[in-house]
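Work through the exercises below with the structure open. Each task comes with a worked solution.

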Amino acid sequence: MTTYSTVNSRAPRLDAPDKATGSAVYIDDIRLPGMLFGAMLHSPLAHAKILNIDTRGAKRLSGVKSVVTYEDTGLIKYGVSPARYDELLFCDGKVRYVGDEVAAVAAVDLETAVEALSLINVEYEELPAVLTMEEALAEGAPLVHDEYQRNIGAEVHHEFGDVESALAQCDLVRTDTFRSKRQDAAFIEPQGCIADYDGRGYLTLRSSTQTPHYVQRTIAMVLGLPIGKVRVVKPYVGGGFGPKAAANAMEMAACLMSMKTGKPVKMGFTREEVFLHSRARHQFVHTLTTGVKKDGTIVALKNECYLEGGAYTSFGIATIYYAGSLLGGPYRLQNMKYDGYRVYTNKPACGAQRGHGGVIARAAWEQQLDRIAEEIGMDPVELRLKNMMEAGDVSCNELKMNSLGMRECIEAVRDGSGWKEKKGRLPKGKGIGMACGFFVSGAGFPIYRSDTYHATVSIHVSEDGGTVHVYTASAEIGQGSDTAFAMIAAETIGIPLDSVMISSGDTEFGIDLGAYSSRQTLMTGHATKEAAVDVRNQILAVMARELKVDISELDIKDGLIVFKHGGVDFSRLRARYIREHRGWQGIARGNDPLTFQEAARIAYLARGTIIGRGKYKPAELGGSHKGAAVGTSPAYGCSAQVVEVSVDMETGRITVEKMTDAHDCGFAINRTSVEGQMQGSLSMGLGEALYEEVKFDEKGRILNPNLGEYKIPTSLDMPNVNPIIVESHEPYGPFGAKEVGEGAIMPTIPAILNAVYDATGIRFQELPLTPERVFMALRAKKQKP
Amino acid sequence: MKTMINLTVNGTKHEAAVEPNRTLVDFLRYDLELTGTKKGCDMGECGSCTVILNGKPVNSCLVLAVQANGSEIMTIEGLKTAEGLHPLQKAFVEKGAIQCGFCSPGMILAANNLLQKTPTPTEEEIRTALSGNLCRCTGYQKIIEAVMSVDKQDIP
């Protein structure tokens with residue numbers, strides 16, 4: 001077994017000391033000289049024609065430096081998937097939701113900018129709005145976008161195998177419909193940005209983004225700038241979870257106003273604007289038909305899904321594909337049919353959120369499998385063990401499992417939770433439930449069609465040889481990617497972690513598609529490792545030449561040069577290093593082993609600055625059908641979970657008592673960070689299962705755009721989790737690593753649903769399980785004879 | 001019309017002229033440039049702007065700067081000691097209690113306030129004391145573990 005010095009440990013995060021002392025810099029902590037403050041005018045109506053925009057009053061206000069509307073921008077449409085660029089920086093002909101962007105102002109201070117907004121006079125002609133999928137799909141309904149009939153913005157139809165004839169041969173076929181609610185990602189830091197256009201025509205945007213690369217491309221496209229003149233820099237980001245994974249109108253407005261004024265322009269969302277911008281989890285309505293044999297073999301799945309998308313597409317094309325393709329695993333399923341429809345409504349646009357597209361499909365199916373297990377008299381754990389995939393399996397939709405620790409996960413939660421002793425034996429009001437999960441480890445393809453690398457990394461060695469500096473454009477948003485890459489670099493080169501510096505989140509540092517689809521550890525990890533190998537090889541090549549030994553005789557371990565068979569005289573090199581650094585502290589002397597630091601300095605003298613370069617893009621991935629690009633990944637994570645709940649049978653209040661979770665992350669680069677992702681995912685899943693719903697009034701206005709009424713779990717709601725790390729050693733992951741950041745949320749909702757059924761005998765087909773919903777169901781059950 | 005206020009922040013006396021509608025969080029962040037205090041909702045709901053006002057944790061977005069006239073305030077910048085990280089900060093670092101870090105300053109101050117009053121709190125007491133500080137990243141568990149791990153002997 002390989003032993004490691006740095007990876008697989010519990011090394012404290014590199015950014016934690018600065019975050020603990022308040023010295024870590026987030027976007028709103030930055031102030032530039034001469035900076036202006038911007039604010040955005042949002043539509044107050046869900047659907048209306050814009051007849052006229054009069055900005056004269058705003059422009060006359062003292063202190064106002066720029067007022068911009070669609071007249072100041074080209075009408076270049078943008079979005080996330082090129083297949084559906086359906087957004088304009090500012091609305092031209094009409095507004096499509098309460099919150100749609102109409103104009104922006106930059107002024108000497110925020111108060112003046114906000115006052116100026118009130119002086120912009122917009123004449124609207126209100127149009128009938130569609131606020132639910134039912135309304136939007138109705139015959140003759142008003143259209144959100146004229147070119148999409150019945151408001152269906154996108155649809156997907158897939159069939160693998162032959163579902164109808166497979167269902168005909170099943171012993172049991174069940175159909176259930178499951179309905180979730182629109183969510184907010186509720187990261188604690190609202191989005192913010194500062195745009196700074198300099199005298200030479202170079203634009204720097206600092207932004208709280210998950211994807212500097214995509215933001216750079218979108219800004220360049222919309223504002224008509226060469227990519228090389230747009231730099232996007234990400235400071236520390238206070239959580240993202242999906243909605244920060246694409247360019248937003250605020251960023252573009254700030255850039256536009258900075259270009260017009262020649263001054264830096266700062267803008268930030270209020271908490272209400274976070275809700276208005278949304279781009280978080282869609283509402284999903286899944287109707288699933290599953291057929292099984294008497295022995296529990298899952299034979300066929302028919303999945304029909306409607307997604308409420310809001311006014312624009314955002315990530316929705318990917319979402320709609322994921323809502324189908326991710327049920328291809330982790331069970332052996334030969335026949336699968338999917339029909340997905342994404343429906344436009346006059347509400348804020350939905351997009352990606354942790355577990356993108358797959359969370360509700362998973363919740364619906366894992367609850368249905370629990371029902372099926374009961375009907376055929378099989379333990380739900382056994383049903384899953386019987387059907388699960390293993391390494392080497394390929395799903396019916398061509399997802400290839402190169403590693404899959406599904407069995408280990410299921411057995412770990414079964415044994416770790418006391419499942420056998422508890423299932424079916426808990427008193428009324430107490431319940432236990434289990435479910436599994438499955439997710440990609442990085443999207444196999446970029447969002448735009450391209451052969452681009454997904455990550456490039458460079459590592460520079462300091463001239464004294466003491467420090468290596470990793471440069472990556474990847475996005476540390478709180479998940480711990482910086483620490484993971486520094487650990488990978490340290491391990492690969494063979495030096496201690498505290499000799500590694502990392503700078504990230506800047507488009508000048510390379511190409512990196514960013515923090516989404518659980519891709520950073522695997523993809524940027526690969527590129528980091530390759531760059532580290534390059535550094536190591538360059539330095540060892542110089543050592544081999546200088547010392548006249550074969551390079552295979554040399555190794556680097558714990559910051560020291562190792563001569564595998566000893567007996568190498570390096571005194572000449574040491575003397576040379578000391579001459580270079582006369583009087584410095586901490587320099588090895590005499591018979592001390594030769595250090596990496598000395599070797600790196602000698603290498604520098606021979607070759608100039610030592611820079612290692614690494615890159616990554618996935619190998620050719622399977623899948624030839626249309627849409628195969630969504631769901632294919634170099635690797636797949638999987639998980640299993642057991643949840644115990646107690647339900648107050650009088651009030652309907654659910655308390656989650658205990659959670660046992662096992663996740664196959666391939667290999668834990670940092671064990672503490674892996675557990676943190678598991679615990680955080682479970683917390684978000686718990687909130688979605690029990691509390692979270694963005695609510696609207698009949699005019700399309702959000703009723704609860706704040707963290708008081710949109711309730712996320714507090715420290716009193718979230719129980720302790722027993723996190724079990726399963727390591728299946730993914731052959732295509734760096735050191736065997738794959739995802740944990742999103743897949744871990746997958747089993748939580750269904751495990752809670754199944755536990756609530758165990759406690760109450762009631763199956764809930766609609767989220768969230770608020771006390772009111774549970775109380776009404778308990779009452780209805782009591783009244784039934 | 002600005003009003004003069006006098007207050008002590010992290011042991012340093014400040015005299016300043018502030019607008020009557022200036023909130024304490026904005027005063028600390030933008031006037032004193034103590035940006036360790038975070039602003040997540042501006043409505044007293046998330047707790048990331050928690051500071052200690054005359055010995056009590058408050059949401060500084062719900063306090064006007066003029067209301068803090070004559071008071072003593074501790075922000076996260078006041079917790080680090082000359083010897084380095086405060087034991088609670090050290091525990092947050094070592095236990096993996098910090099992910100995005102945006103809630104951490106408020107969370108650490110709220111936890112420190114608890115430890116001042118209740119040196120050996122139960123898990124329930126910690127969870128109650130921190131229930132006004134939202135965290136979306138960690139699921140709270142490693143935060144609770146960090147607070148539990150602090151040896152009261154180490155608290156200055």
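## Exercise 1: A strand pair and its sheet

The model is predicted. Strands β9 (residues 192-197) and β12 (residues 265-268) of chain A are antiparallel, joined by four bridges.

**Task.** Find the bridge partner of A:Gly192 in β12(A).

**Solution.** 
- Step 1. Start at A:Gly192. Its bridge partner in β12(A) is A:Gly268.
- Step 2. Widen the view to the sheet. It is open, with seven strands of chain A in the order β3-β5-β1-β12-β9-β10-β11. The pairing is mixed.
- Step 3. Look at the edges. β3 (64-68) and β11 (230-233) of chain A each have a single partner strand, so one side of each has no neighbour in the sheet.
- Step 4. With direction ignored, neighbouring strands are turned by 20° against each other on average.
- Step 5. α3 (residues 110-118) of chain A lies across β1 (36-42), β3 and β5 (101-107) of chain A. Its direction runs at about 25° to β1(A).
- Step 6. α6 (residues 212-223) of chain A touches β10 (203-207) and β11 of chain A. The direction of α6(A) makes about 145° with that of β11(A).

## Exercise 2: The four-stranded sheet

**Task.** In which order do the strands of the four-stranded open sheet of chain A run?

**Solution.** 
- Step 1. The order is β16-β23-β24-β25 (chain A), with mixed pairing.
- Step 2. β16 (430-440) and β25 (721-726) of chain A are the edge strands, as each pairs on one side only.
- Step 3. From one strand to the next, the twist averages 15°.
- Step 4. Now take one pair. β24 (residues 654-664) of chain A runs parallel to β25(A), and six bridges join them.
- Step 5. Within this pair, A:Met659 has A:Val721 in β25(A) as its bridge partner.
- Step 6. The packing helix is α18(A), which touches β24 and β25 of chain A. Its direction is at about 130° to that of β25(A).

## Exercise 3: A hairpin

**Task.** How many residues lie between β20(A) and β21(A), and which turn residue has a positive phi?

**Solution.** 
- Step 1. Strands β20 (residues 554-557) and β21 (residues 560-563) of chain A run antiparallel, with four bridges between them.
- Step 2. One bridge pairs A:Lys557 with A:Leu560 in β21(A).
- Step 3. Two residues separate the strands, and the unit is a hairpin.
- Step 4. The turn residue is A:Asp558, with a positive phi of about 50°.

## Exercise 4: Two helix pairs

Two packed helices are described by the angle between their axes and the distance between the axes.

**Task.** Are α11(A) and α12(A) roughly parallel or roughly antiparallel?

**Solution.** 
- Step 1. α11 (residues 380-387) and α12 (residues 406-417) of chain A pack at about 165°, with axes 10 Å apart.
- Step 2. Angles over 145 degrees count as roughly antiparallel. α11(A) and α12(A) are therefore roughly antiparallel.
- Step 3. Their crossing is left-handed.
- Step 4. List the contact. A:Val381, A:Arg384 and A:Leu385 of α11(A) meet A:Arg407, A:Ile410 and A:Arg414 of α12(A). By class, that is three nonpolar, no polar and three charged residues.
- Step 5. Turn to α10 (residues 359-375) and α19 (residues 748-760) of chain A. Their axes come within 8 Å and cross at roughly 35°.
- Step 6. The crossing of α10(A) and α19(A) is right-handed.
- Step 7. The residues in contact include A:Val359 and A:Ala363 of α10(A), and A:Ile749 and A:Leu753 of α19(A). The contact has five nonpolar, two polar and three charged residues.

Key: Residues are numbered from 1 along each chain as its sequence is written. Chains are lettered from A and ligands numbered from 1 in the order in which they are written. This is a predicted model: local features need pLDDT of at least 70, side-chain atom pairs count only at pLDDT 80 or more; totals for chains, interfaces and linings use all residues. Axes are lines fitted to C-alpha atoms, for helices over the stretch in contact, and angles run from 0 to 180 degrees between N-to-C directions. Angles under 35 degrees count as roughly parallel, over 145 as roughly antiparallel, 65 to 115 as roughly perpendicular and the rest as oblique. A crossing is left-handed if the near helix is turned anticlockwise from the far one by less than a right angle, and right-handed if clockwise. Two residues are in contact if their C-beta atoms, placed from the backbone, lie within 7 Å. Ala, Val, Leu, Ile, Met, Phe, Trp, Tyr, Cys and Pro count as nonpolar, Asp, Glu, Lys and Arg as charged, and the others, Gly among them, as polar. Two strands pair if DSSP finds at least two bridges between them.
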